[in-house]
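Let's take a short walk through this structure together. Have the sequence and the 3D view ready as you read.

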Amino acid sequence: MILSMLVEGMSMRAVSRTAGVSVNTVNKLLIDAGEACAEYHDMTVRKVNARRVQCDEIWSFCYAKGKNVRTARAAPEGAGDVWTWTAIDSDSKLILSWEVGDRTGETAIGFMDDLRSRLANRVRLTTDGHKAYLEAVEGAFGGDVDYAMLIKLYGGSTGSNGHERKYSPAECSGTIKKAIEGRPARADVSTSHVERHNLTMRMGMRRFTRLTNAFSKKLENHIHMLSLYFVHHNFVRIHRTLRVTPAMEAGLTDTLHDMKWIVGLIDANAPKVNRPTSYKKRISK
């Protein structure tokens, strides 16, 4: 129940109050689940036959926004702006790879190297116009990819003055589809699916909700929540259009899993406790 509430967008304090347990219990379970899910994703999401892949980055922050870290009291390591890079299979909606870091080329290289290691075939890849992707894609795929950038052109804010201008998003006045490598099909050059998934992430993880105090206080817990969320999204949550989980659609499994299965991953990942020798002797007798 606790894990289900976490992936449905409830904060740790709210889960603690609803479930009637200590917030430390919720935190400990999140850590255990995050470690188990990260290991399972790394081992299982391999040799995926994908056709179209879309990549994007979503912003959040840990402890304090980047501009405020300098003046923050006792800011821990990892405090500041945090970017989560995601790659989604457009057809199965499977999250193939994800990376947490900044928005520099170094993070982009690690992200693309990981994505390449999980694919079994040549894909049509689309990213936004972020320049860090250029070197990263070239280094990871070489010429073995049909890669294009979707560059969006923005005009003024949809609101005219005051708070409307501050909170209304800038209006997209047009797009440019730019072929970078290979022969990408113009009809497949899109980031709509990965951008829609950004909304799902903000709805499913309280840490991504803007203008609240539910942001992550520790980078480690931020990563643990992402690990839990992505395994739940891939293997447990039924996609409304596909009517199966993304992992089933991608052919990684033919089984519909539930949250008890994730609890089983936690138990399997737990360290084995060595029993005293005297106890083992009594069992053998």
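Which residues in H4 are buried? Keep in mind that this is a predicted model. In helix H4, the buried ones are Thr107, Ala108, Phe111, Met112, Asp114 and Leu115. They lie on the same side of H4, because they cover an arc of only 160 degrees around the helix axis. The cover over the buried residues of H4 includes strands E1 (52-62), E2, E3 and E4 (124-127), along with helix H5 (132-141). As for the helix itself, H4 runs over residues 105-117, which makes 13 residues. From its first C-alpha to its last, H4 reaches 18 Å, close to the 18 Å expected at 1.5 Å a residue.

Next, find aspartate 91, in the loop that links strand E2 (80-89) with strand E3 (95-101). Aspartate 91 counts as partly exposed, with 29% relative accessibility. Its side chain is joined to that of arginine 52 by a polar contact of 2.7 Å. Leaving aside residues up to four places away in sequence, aspartate 91 touches Arg51, Arg52, Leu242 and Glu249.

Our last stop is threonine 191, in the loop between strand E6 (170-181) and helix H7 (192-204). Is threonine 191 buried or exposed? Its relative accessible area is 3%, so threonine 191 is buried, the cut-off being under 20%. Not counting residues up to four places away in sequence, threonine 191 touches Gln54, Cys55, Thr126, Thr127, Asp128, Leu150 and Lys152. The side chain of threonine 191 also makes a polar contact of 3.0 Å with the side chain of glutamate 195.

Terms used:
Residues numbered from 1 in each chain as written. Predicted model: local features only at pLDDT ≥ 70, side-chain atom pairs only at ≥ 80, totals over all residues. Heavy atoms only, no water. Helix = DSSP H or I, 4+ residues; strand = E, 2+ residues; numbered from the N terminus. Buried < 20%, exposed > 50% of the residue type's maximum accessible area, 1.4 Å probe, protein only. Polar contact = N/O pair within 3.5 Å; in protein donor to acceptor, adjacent residues only side chain to side chain. Contact = heavy atoms within 4.5 Å. Expected span 1.5 Å × (residues − 1). Arc of directions from axis to C-beta.
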